[in-house]
Amino acid sequence: MATVVTSKKACSVNPLKMSQPIGAALAFMGLNKCMPVLHGSQGCTAFGLVLFVRHFREAIPLQTTAMNEVTTIMGGMENIEQALMNIHTRAKPEIIGIASTGLTETKGDDVDGYLKLIRVKHPELATLPIVYISTPDYKDAFQDGWAKAVRRIVETLVEDKKFPMTMFNNNALGRGVVNVLPGAHLTPGDLDELREIIAAFGLSATFLPDLSGSLDGHIPDDFSPTTFGGTTLQQIRAMGDARMTLAIGEQMRDAAQALQDKTDVPYEVFDRLTGLEANDHFLSVLSNLSGVPVPVKYRRLRSQLVDAMLDGHFFFGRKKIALGAEPDLLWSVGAFLADMGCELAAVVTTTQSPMLEKMPCKEVLIGDLEDLEQCAQGCDLLITHAHGRQMAQRTGIPFLRMGVPMFDRLGAAHRVMVGYRGTRDLVFEIGNLFLANAHEASPESWAPVMEERNASTPVAAH
């Protein structure tokens with residue numbers, strides 16, 4: 001059990017945290033033909049837009065209500081009305097997602113009330129799905145905004161369908177369909193891997209949101225002013241027909257519960273899918289749900305992962321790790337590294353979560369990258385997003401980029417860390433970093449590892 005400590009500094013230095021509104025905006029980008037809108041100033045949207053463009057290296061649809069000094073004081077109803085009419089006329093989206101910002105939350109705009117009045121005034125907007133979520137950026141963090149947006153999408157767009165359904169009810173309308181609610185820590189590549197695993201059991205998956213359809217780095221045939229690819233409105237409305245909901249990450253528990261409350265579809269939360277035991281459980285659930293034995297392909301991939309862990313554990317053992325990430329990514333990576341024999345010497349995160357107390361370390365600090373740098377002295381590996389690169393240069397610690405943003409490396413959207421295959425590749429990636437820097441380690445630091453290695457190696461008989 002870890003002790004969770006909150007930094008008491010007057011301000012954040014070199015922030016680790018990213019704000020709620022852009023977390024919500026990214027969730028909306030996983031919907032097909034959607035236009036995400038930030039209700040705030042143009043600068044609020046511009047910063048989020050630049051961050052996503054640099055991370056995904058794709059065109060990002062993101063609009064703003066363009067609040068100024070006067071409208072901030074007087075209220076933003078006219079700005080929202082004008083933004084909705086312009087978007088509806090020019091972009092013709094099937095869904096509009098609106099996330100508030102600190103500016104309009106401080107003013108106290110009643111956006112739900114504004115939307116009711118705007119729909120009455122403009123009948124053409126009466127049937128347009130509009131999802132509004134309150135995400136002030138002066139509290140909570142990126143994964144909180146994502147989680148709140150997904151819950152609100154479920155509450156607003158999923159049709160009420162309550163059936164007497166159980167996991168093994170063959171009369172259920174969606175007996176071959178499962179819902180997947182992925183957390184903000186999963187990449188488009190992770191979603192592709194999960195879809196392939198689920199399909200191997202004869203099941204069809206509806207992902208909400210589905211960044212693997214909209215931000216997986218493909219080139220569309222035609223220009224679209226909205227998102228292209230992702231979960232369709234029809235798929236969202238039909239999520240009540242599924243047999244089960246698989247929530248990936250503790251952050252998705254509330255959305256899964258909201259879906260169950262609305263449709264009676266049961267759910268299970270998987271706190272991580274990186275690691276051997278976690279994936280054994282995941283495939284066991286899929287096998288029980290579908291009645292299909294675990295395919296030979298995944299039995300072999302499991303064997304490859306076990307072999308990779310055996311090959312790599314000599315180099316992971318007793319390594320000190322400095323880790324800074326959002327809570328669900330922190331848990332997924334931190335628990336995996338602890339499984340491999342590493343010591344989590346410095347652990348910093350952005351917001352509260354039930355997973356923090358479960359971390360296999362002494363203390364988890366809710367702070368910033370300055371806190372991480374102060375605690376990381378003497379560590380063997382630094383893991384955080386791309387804003388940690390200057391810290392790595394100052395400390396001389398080997399650096400592994402992980403999370404959002406990752407703007408100084410290619411392929412962030414295609415990185416895979418889930419399933420047997422993703423975990424195996426992560427073992428190799430981190431193990432190779434340790435190997436590449438092994439020559440810089442002192443002989444004393446290798447002594448305990450070599451003693452363990454010699455003790456575990458059988459002596460040949462003479």
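Contact here means heavy atoms within 4.5 Å. With that in hand, let's walk through this structure, which is a predicted model where local features need pLDDT of at least 70, side-chain atom pairs count only at pLDDT 80 or more, and totals for chains, interfaces and linings use all residues. Residues are numbered from 1 along each chain as its sequence is written, and side-chain values use heavy atoms, with hydrogens and water left out.

**The cores**

Take Phe 282: leaving aside neighbours within four places in sequence, Phe 282 is in contact with Leu 194, Ile 197, Ile 198, Leu 246, Phe 270 and Leu 273. Phe 282 is also one of the residues with the most contacts inside the largest nonpolar core, together with Ile 198 and Leu 337. That core has 106 residues. A nonpolar core is a set of buried Ala, Val, Leu, Ile, Met, Phe, Trp, Tyr and Cys residues joined through side-chain atoms within 4.5 Å. Buried means under 20% relative accessible area, exposed means over 50%, and partly exposed is in between (1.4 Å probe, protein chains only).

Which helix gives the most to this core? Helix 13 (residues 296-316) does, with 8 residues. Helices (H or I, at least four residues) and strands (E, at least two) are DSSP runs, numbered from the N terminus. There's a second, separate core of 17 residues too, and it includes Leu 84, Ile 87, Ile 130 and Tyr 132.

Helix 8 (residues 188-199) has 12 residues and reaches 17 Å from its first C-alpha to its last. That is close to the expected 16 Å, where the expected span is 1.5 Å times one less than the number of residues. Among the buried residues of helix 8 are Leu 194, Ile 197 and Ile 198.

**The strands**

Two strands pair if DSSP finds at least two bridges between them. Here are three pairs:

| Strands | Sense | Bridges |
|---|---|---|
| strand 10 (residues 320-324) and strand 13 | parallel | 3 |
| strand 13 and strand 14 (residues 399-401) | parallel | 3 |
| strand 4 (residues 95-100) and strand 5 | parallel | 4 |

Leu 382 in strand 13 is the bridge partner of Ala 322, and Leu 382 also stands opposite Phe 399 in strand 14. From strand 13 the chain crosses through helix 16 (residues 389-395) to strand 14 in a right-handed β-α-β crossover. Right-handed means that, with the strands pointing away from the viewer, the path from the first strand over the helix to the second runs clockwise. In strand 13, Leu 381 and Ile 383 point one way, Leu 382 and Thr 384 point the other way, and all are buried.

Elsewhere, 4 strands form an open sheet in the order 3-2-4-5, with parallel pairing. Strand 3 (63-64) and strand 5 (130-133) stand at the edges with a single partner strand each, so one side of each has no neighbour in the sheet. In strand 5, Val 131 is the bridge partner of Gly 97.

**Two loop residues**

Thr 227 sits in the loop between helix 9 (211-214) and helix 10 (233-237). Is Thr 227 buried or exposed? Thr 227 is buried, with a relative accessible area of 4%. A polar atom of its side chain lies 2.5 Å from the backbone oxygen of Leu 31, and the side chain of Thr 227 also reaches the backbone nitrogen of Cys 34 at 2.8 Å.

Asp 241 lies in the loop between helix 10 and strand 8 (242-248). Asp 241 is buried as well, with a relative accessible area of 17%.

Methods: A polar contact is a pair of N or O atoms within 3.5 Å; within protein, one must be able to donate a hydrogen and the other to accept it, and residues adjacent in sequence count only if both atoms are side-chain atoms.
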